[in-house]
Amino acid sequence: MNIEWLHSFAEAAKQKSISKAAKANNLSQPALSKHIRNLENNLDIELFHRTSTGIELTEAGERFYTRITPVISELTAIHQELQQFCRTNPIAIGSLPSLATYYLPSRIKGLRLLGRPLTLMIQNTSSELLQSLQEGRLDAVFVEALNTRESLWSCELFTEPYYAVFPLDHRFKSKKTVELAELCEEPLIAHQAPCDTRKHIIEQMASLGYKPNIISEVAFGDFIFGAVTAGMGITIVPELMAKNIGHLELFALPIDNFGRKRTVSLVARNNKLGSKLYQFLSGID
């Protein structure tokens with residue numbers, strides 16, 4: 001039973017006129033008449049007598065009107081309550097640490113989407129974020145592109161290579177690029193597992209027959225650059241992070257044959273939210 005049919009019926013019963021009810025509900029007369037016919041077919045009863053001067057409720061129509069009027073009022077109140085809830089309930093956004101640090105702050109600062117504020121939750125891997133999205137704890141996520149369920153809306157944002165980051169006194173200072181094989185025996189500082197980048201480093205070095213020489217594991221955040229600055233080793237990070245070390249005593253080199261790039265995607269629970277957020281990030285009106 002469609003709520004629009006109920007509103008059309010109630011207004012027609014109140015106005016005792018199809019034309020007046022259609023005007024009050026901002027519908028065409030044929031549309032409102034169709035609502036009433038659909039309702040009568042659904043209930044398998046006749047709700048109105050058609051007269052030369054308008055319409056009148058049948059006995060069954062009178063009984064139905066008496067019972068359904070408080071129901072319509074309650075449904076209207078529920079709808080208004082939920083609209084108010086949506087206006088004040090934040091949209092929960094999830095992100096990988098690197099994107100939350102270097103990509104999102106300037107783009108979502110002060111943003112209210114669909115009339116709602118945003119909250120940001122950080123998780124260490126794309127699979128964790130997608131699980132939170134699918135379980136309803138998040139409304140949209142910024143992740144490394146993965147196969148997602150067809151029920152989720154997704155859109156690629158950008159693709160970036162990986163860089164190796166070194167202290168200023170490293171012997172590779174004069175290089176313009178570096179080969180992955182040259183890094184396999186370097187002392188490596190990596191983020192603690194689980195971590196998407198750590199996983200890719202291990203996989204790509206294994207493809208060359210090497211096991212990464214991880215000499216230190218650090219928590220997520222800029223501390224990994226502090227460890228490199230202190231001369232403890234090197235690290236490998238996506239370009240987004242490597243381009244934000246100008247204030248540190250470090251240098252970064254693109255890795256010629258890392259074997260993969262990072263593709264960052266926006267994934268949302270529905271098309272409406274995903275499209276709006278993508279349009280905002282892209283500066284599309």
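This is a predicted model: local features need pLDDT of at least 70, side-chain atom pairs count only at pLDDT 80 or more; totals for chains, interfaces and linings use all residues.
Residues are numbered from 1 along each chain as its sequence is written, and side-chain values use heavy atoms, with hydrogens and water left out.

Q: How are helices α1 and α3 oriented where their axes come within 8 Å?
A: Helices here are DSSP runs of H or I with at least four residues, and strands are runs of E with at least two, numbered from the N terminus. The axes of α1 (residues 3-15) and α3 (residues 29-43) cross at roughly 105°, where axes are lines fitted to C-alpha atoms, for helices over the stretch in contact, and angles run from 0 to 180 degrees between N-to-C directions. Angles under 35 degrees count as roughly parallel, over 145 as roughly antiparallel, 65 to 115 as roughly perpendicular and the rest as oblique. The orientation of α1 to α3 is therefore roughly perpendicular.

Q: With which side chain does the side chain of Gln123 make a polar contact?
A: Gln123 lies in the loop between β5 (116-122) and α7 (126-134), and is buried at a relative accessible area of 18%; buried means under 20%, exposed over 50% and partly exposed in between (1.4 Å probe, protein chains only). A polar contact is a pair of N or O atoms within 3.5 Å; within protein, one must be able to donate a hydrogen and the other to accept it, and residues adjacent in sequence count only if both atoms are side-chain atoms. At 2.9 Å, the partner of Gln123 is Ser132.

Q: Within what arc do the buried residues of α7 fall?
A: The buried residues of α7 are Ser126, Leu129, Leu130, Ser132 and Leu133. Seen down the axis, they line one face of the helix, because their arc, taken from the directions from the helix axis to the C-beta atoms, is 160°.

Q: Is Asp44 buried or exposed, and what is its relative accessible area?
A: Asp44 is in the loop between α3 and β1 (48-50), and its phi is near 60°, a positive value in a residue other than glycine. Asp44 is exposed, with a relative accessible area of 69%.
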